[in-house]
Amino acid sequence: MSATTLPAHSSVVVIGGGVMGCSTLYHLAKDGVADAILLERNQLTSGTTWHSAAQVRALRSTRNLTDLIRYSVDLYSTLEQETGQQTGWINKGSLSIATNAERLVHIRRQEALAKLFGVRATSISREEAKERWPLMNDADVIGAVWSPDDGRVSPSDLCAALVKGAKAKGARIFEDTGVTGILTEAGRVVGVETTRGAVRCDAVAICTGLWSREAAAMAGARVPVWPCEHFYLLTKPVEGITGNMPTLSDHDHHLYIRDDSGGLLVGCFEPVGKPIDPARLGPDFAFGLLQEDWDHFEPMMANALHRLPALETAEVKMLLNGPESFTPDGSFLLGETAETRGLFLGCGMNSVGVATGGGAGMALAHCIQHGATPMDLHEADPKRFPDCFQSVEALTARVPEVLGKHYEITFPGRQWATARGLRKTPLDAKWRAAKAHFGQVYGWERPLYFGAETEPALTFGVPDWQEHVRREVVEATTGAALFDQSTFGKIDVEGPDACAFLNRVCANQMDRQPGRAIYTTMLNEMGGMESDLTALRLTYDHYRLYVGTTAIRRDMAWLRRHLRDGESVTLTDSTEDDAVLGLMGPRAWEIAEAVGAPGLNDIGYFAHGEAEIAGVTVRAVRLSYVGEAGWEISCPAGSAEAIFDALAAAGAKPAGLFAQTAMRIEKKFLAYGHELDTDISPLEAGLGFAVAWDTDFIGKAALERRQAEGTVPRIVTILLDDETAVPLGNEPVYLDGAIVGKTTSAAFGFRVGRPLALADIVDPAARLEGARVSLDIAGDHVAGTLTLAPAFDPEGERMRRKTARAA
């Protein structure tokens, strides 16, 4: 039974009684927050949790996301012992089948990833797959992967166990209690208003599923979630179903299949989902379902009849249609919002709420108490979305595709087709005229490569764009290339205390003379990297920070969070004010002369200055992310086309993001979200040169401890022997038969003439210059050589060519 009298104050108010809300409350109470309460406007599990198919598959795209589900599995299997309440945990494994060559590569890459993350997974033959699922038509099956640790759970029983455990530790639950308002003061949560009165609090957790957009809006926060209809078929008992069976994943046909009460449960993630307006459901939608839609389900039914001939004579119990919420990128939302301090999100679960809920509730409870998740979860950070994804138009266009991609093969270069053109750089028209193939990054349309006549055919083999990228790299290496870097986040930090403030939040020495550029990181108290950025000191009281394209919202929130009362500093997001063009290559100097800006050649390395191009004053900083000398040139957005025309007329050629990535990997330049995140410090990343030990920055004490422990760099380069191999990143690295690390970025190195990767080698004994290692690429072990240095040094290569010519 739920409690009856609301408290006047609670440390944390959890809104929503589904699996995320119940798990978050349980973990708060377990951690000693005994006065936490949960508010549910109807009854527990009455939203989407109750009708979940409740599959629990351990493997996810990263180790930390996988660890969340591994935590869930451990929790679900032990909760009954703790609480006396069954969870319905059934561990029968899962079987993933492939019916074409590319899907087979896909599931074998997943098998390799599973081994990297310590999850059991094994390739098996078609015959073995048939033995595990005798009712399956295996005529078109060419291979399979068996994952014995997967299972399922009863969602209602699970929530009952979590609630029982939370109550035993002092937490309280209030059903039939709707939240009508969230109270804030000075941008921070201070309480909630409900249908039964007000409660003052220090933090609020929004775990309200498909209603989270409306719930967060009460506190001034924007949450990009939208529901789609989700279907699964239930039959009456079917001959041949005896006891519990593994989950059968036929993703080529968009299906998941398992037993259910002696019958079959056949669910789908069809190629294009059906969005639904939450307003249609109304506030009293409890334990409700949507109308059956056999016309929409018919193609999936045909697929199911092909895979399971027994369905032809099975008696249908019902076609269940229930709403589930999705985000624009298919990953959930977990953490504090950018807009409102003390407002935390645990929502937008994209149909993995039950599987992830145990671990995600633990992580959210930790974040509420400690200000950060227990491990890096940047994929789930609510601050990863730009405002352009908040509109109903963008959401209703995108989420049907998100549902449809749930089982799609994750080919390299795969792009979203919907909700495109939301943000265009000032040079968009120029890039289109040059036949750019675009990708979407943080809502921006960014050129990936040029010369595209048709859409590329996606594959795990050598990509269609290989020769386009090769030409762009050659241009950047022998001539001059133009890279559009306008999407970089730009933050102006101004005021008398700007220098002192930045010296506190940045690890490098920020008190440099105006005219200097500074590479630095921002660290958390544990020494992990929250961001890496380049700062230009424009005047003594004015810096401009250039941050990653996807980092602007997160970094602005981090900076605001660390401003002290009375500190005279203003922060301005000026991202869209200026365009940025990277002019890179050995002919960049000639082009500067040709456009009447010879002063660019006088700018020293990691310095910046003004010049005039096409009658426009620009600011150029001499640095390079591709290893070829040149400048990043900033100009007013409205003048970008004139600058481009002048540089192009002088001989500069456009180059895209794929060329930039290949070149930065060759030069061993690191990227946030690949080599860098909050789980690694500058010392492990080899960025100790950007640490000023004589300043008192956030995370310094933790960094000093790591230094005293003898921490050394972990990131290495691996050059592969096989020129036809296609590494993508996230492959296990083997030495003498044991996994010693993983690749973090990979590409074909056009300047070195072979595939290569950067890798995080966690085993110190394996970080040996010249060590012979191998990568597991979809089950094939590809040999390579490890080096601690960059694969390519442009300056050294130019000296080699000069010497050869002289000889």
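# Briefing: pockets, cavities and ring pairs

Tryptophan 211 is buried, with 16% relative accessible area; buried means under 20%, exposed over 50% and partly exposed in between, with a 1.4 Å probe and protein chains only. This is a predicted model, in which local features need pLDDT of at least 70, side-chain atom pairs count only at pLDDT 80 or more, and totals for chains, interfaces and linings use all residues. Residues are numbered from 1 along each chain as its sequence is written, and side-chain values use heavy atoms, leaving out hydrogens and water.

**Confidence**

- The chain has a mean pLDDT of 96, and 98% of its residues reach 70 or more; pLDDT is the predictor's confidence in each residue, from 0 to 100.
- Over residues 799-807 pLDDT stays under 50, and the model has one contact beyond four places in sequence for them (contact means heavy atoms within 4.5 Å).

**Aromatic pairs**

- Rings of Phe, Tyr and Trp (its six-membered ring) pair if their centres lie within 6.5 Å, and planes under 30 degrees apart count as stacked, over 60 as edge-to-face and the rest as tilted.
- By this rule there are 18 aromatic pairs.
- One of them joins tryptophan 211 and phenylalanine 285 in a tilted arrangement, 6.5 Å centre to centre with 50° between the planes.
- That pair links distant parts of the chain, 74 residues apart: tryptophan 211 sits in the loop between β11 (197-206) and α6 (212-217), and phenylalanine 285 in the loop between α7 (278-281) and α8 (294-307). Helices (H or I, at least four residues) and strands (E, at least two) are DSSP runs, numbered from the N terminus.
- Phenylalanine 285 also counts as buried, at 11% relative accessibility.
- Tyrosine 605 and phenylalanine 606 make an edge-to-face pair, because their ring centres are 5.2 Å apart and their planes are at 75°. Tyrosine 605 counts as partly exposed, at 49% relative accessibility.
- Phe231, Trp294 and Phe297 are linked into a cluster by ring pairs.

**Pocket and cavities**

- On a 1 Å grid over the protein atoms alone, a cavity is a set of points where a 1.4 Å probe fits but cannot get out, and a pocket is an open set with protein on both sides within 12 Å along at least five of seven lines; lining residues have an atom within 4 Å of a point.
- Grid points are joined across faces, edges and corners, and a volume is the space filled by probe spheres set on the points.
- The second largest pocket has a volume of about 940 Å³. Of its 40 lining residues, Gly371, Ala372, Glu530, Trp558 and Arg561 are the closest to its centre.
- β18 (333-336), α9 (353-370) and α14 (552-561) are the elements that give two or more residues to this pocket's lining, and α14 gives the most, with six residues.
- Four cavities of 30 Å³ or more turn up in a search of the whole structure, and the largest cavity has a volume of about 50 Å³.
- Arg446, Pro447, Phe483, Asp484, Ala655, Gly656, Leu657 and Gln660 line the largest cavity.

**Two individual residues**

- Glutamate 111 is in helix α3 (residues 101-117) and counts as buried, at 9% relative accessibility. Leaving aside neighbours within four places in sequence, glutamate 111 is in contact with Ala121, Thr122, Ser123 and Val145.
- Leucine 183 lies in strand β9 (residues 179-185) and counts as partly exposed, at 23% relative accessibility.
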